[in-house]
Amino acid sequence: MDIREITNKYEWEDFLQNCQEKTFLHSWNWGEFNVAQGYKIWRLGVYNRETLFAVVMAIKITARRGTFLFIPHGPVTIDGTAADRQEILKLFLLHIQDAIKEEKISFLRVAPVWQRTPENESVFEDSKFRQAPIHMHPEVTWELNIAPTEEEILSGMRKTTRYLIKQALKNPDIAIERSTNPDDLKYFWPVYKETAKRHKFVVFSEKYLRSEFEIFAKDNQIELFLGKYKGQVVSVALFVFWQGTCVYHHSGSLSEFNKIPVSYLLQWEAIRTAKAKGCVAYNFWGVSPDVKTPEDAAASRHPWAGLSLFKMGFGGSLKEYVKTQDLPISSKYWLNYIIETLRKKKRNL
């Protein structure tokens with residue numbers, strides 16, 4: 001096997017179309033979005049003779065605590081054994097040795113999209129990686145198969161969720177609107193910001209969200225959903241539609257309207273839209289790492305337990321990826337390790 005740069009969008013996307021384990025975080029447009037944010041990226045293909053076998057996108061992240069290369073939900077392979085995946089990592093590391101020196105990289109961070117199995121975990125253990133103190137993208141997600149009929153999807157939901165959707169459908173004061181106009185993010189931002197304040201998470205900037213929206217909108221891969229009650233926007237969400245999967249990516253709601261099931265109807269309309277676009281999977285994105293069922297979520301004290309219960313109520317199953325892995329390259333890594341470990345404890349995650 002050998003490794004080469006890929007500069008053709010269609011070669012990259014066509015390859016990913018044939019892969020099973022993937023998310024939009026390794027899409028061509030996610031790379032374009034990071035370039036627009038000012039990050040340097042590498043798009044590399046691993047070839048077995050002339051056949052593309054895997055792709056790796058790496059992003060250079062510069063922070064006060066150190067500079068590192070980050071692989072988001074990758075590498076992505078069509079198939080392959082643990083030995084093949086270990087060889088891919090080895091080739092990648094050999095290929096970027098010059099970049100590591102030139103860019104003054106202190107560590108490599110990989111957020112794999114591989115199923116969490118002992119075999120896949122051994123790929124990193126045998127390559128001298130260590131588990132990262134924090135994750136940058138979801139390691140545990142909740143995914144719903146939306147290939148069945150709408151009636152079958154509804155029947156697979158939690159009883160409470162199904163009831164609230166039906167109640168919302170009957171309520172003339174509730175309306176869901178869709179938009180592909182980035183200017184409509186002005187309605188998203190205040191609700192998102194209020195949600196962040198309530199749940200104590202750091203918001204992405206308006207510039208960041210608009211850039212993501214504009215780049216994915218060029219290929220009709222993103223939509224904004226606005227949930228209204230009596231004309232007021234009380235629930236918002238950004239959905240990414242990519243290669244047969246819809247992802248519930250960013251969202252917010254106003255707490256004073258929690259008893260009005262606007263968010264439930266918004267999700268249902270997003271599911272119906274995803275089906276109409278040809279999607280077969282609906283990914284609710286991250287859920288609490290300590291839960292596996294709605295019952296677990298109801299009993300959990302994790303900060304994400306309430307949101308996890310909301311997501312799980314629509315039916316679906318858990319997807320667990322190999323946990324984020326770090327490969328220390330210089331001693332500067334350990335300062336980053338200490339800072340992130342303290343941050344994790346502070347957030348009670």
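**Close-up views of a predicted model**

**View 1. Strands E10 and E11 pair through 8 bridges.** In this predicted model, strand E10 (residues 222–229) and strand E11 (residues 232–242) run antiparallel and are joined by 8 bridges. One of the residues to look for is tyrosine 229, whose bridge partner in E11 is glutamine 232. Strands of a sheet pair through backbone hydrogen bonds, in either a parallel or an antiparallel manner.

**View 2. An open sheet is formed by 7 strands.** The strands follow the order E9-E10-E11-E12-E13-E8-E14, and their pairing is mixed. Strand E9 (174–179) and strand E14 (317–320) stand at the edges, where each has a single partner strand, so that one side of each is left without a neighbour in the sheet. From one strand to the next, the twist averages 30 degrees.

**View 3. Helices H9 and H10 are shown against the strands of the sheet.** Helix H9 (residues 206–217) lies across E9, E10, E11 and strand E12 (245–253), and runs at about 120 degrees to E10. Helix H10 (residues 262–276) also packs on the sheet, where it touches strand E8 (140–145), E9, E10, E11, E12 and strand E13 (281–286). The direction of H10 makes about 25 degrees with that of E11.

**View 4. Helix H3 packs with helix H5.** Two packed helices are described by the angle between their axes together with the distance between those axes. For helix H3 (residues 82–95) and helix H5 (residues 118–125), the angle is about 30 degrees and the axes are 9 Å apart. Because angles under 35 degrees count as roughly parallel, H3 and H5 are roughly parallel to each other. The crossing in which H3 passes H5 is right-handed. On the H3 side, Ala82, Arg85, Gln86 and Leu89 take part, and in H5 they meet Glu119, Asn120, Val123 and Phe124. The residues of this contact of H3 with H5 divide into 4 nonpolar, 2 polar and 2 charged.

**View 5. Serine 308 is a buried residue of helix H12.** Serine 308 has its place in helix H12 (residues 305–312), and its relative accessible area is 1%, so it falls under the 20% limit for a buried residue. When its neighbours within four places in sequence are left aside, serine 308 is in contact with Val287, Ser288, Val291 and Ala297.

**View 6. Glutamine 20 is an exposed loop residue.** Glutamine 20 is found in the loop between helix H1 (9–17) and helix H2 (28–36), and counts as exposed at 68% relative accessibility. Glutamine 20 and valine 76 are 56 residues apart in sequence, while their C-alpha atoms are 8.8 Å apart in space.

Methods: Residues numbered from 1 in each chain as written. Predicted model: local features only at pLDDT ≥ 70, side-chain atom pairs only at ≥ 80, totals over all residues. Heavy atoms only, no water. Helix = DSSP H or I, 4+ residues; strand = E, 2+ residues; numbered from the N terminus. Buried < 20%, exposed > 50% of the residue type's maximum accessible area, 1.4 Å probe, protein only. Contact = heavy atoms within 4.5 Å. Axes fitted to C-alpha atoms, helices over the stretch in contact; angles between N-to-C directions. Parallel < 35°, antiparallel > 145°, perpendicular 65-115°, else oblique. Left-handed = near helix turned anticlockwise from the far one by under 90°. Nonpolar A, V, L, I, M, F, W, Y, C, P; charged D, E, K, R; others polar. Pairing = 2+ DSSP bridges.
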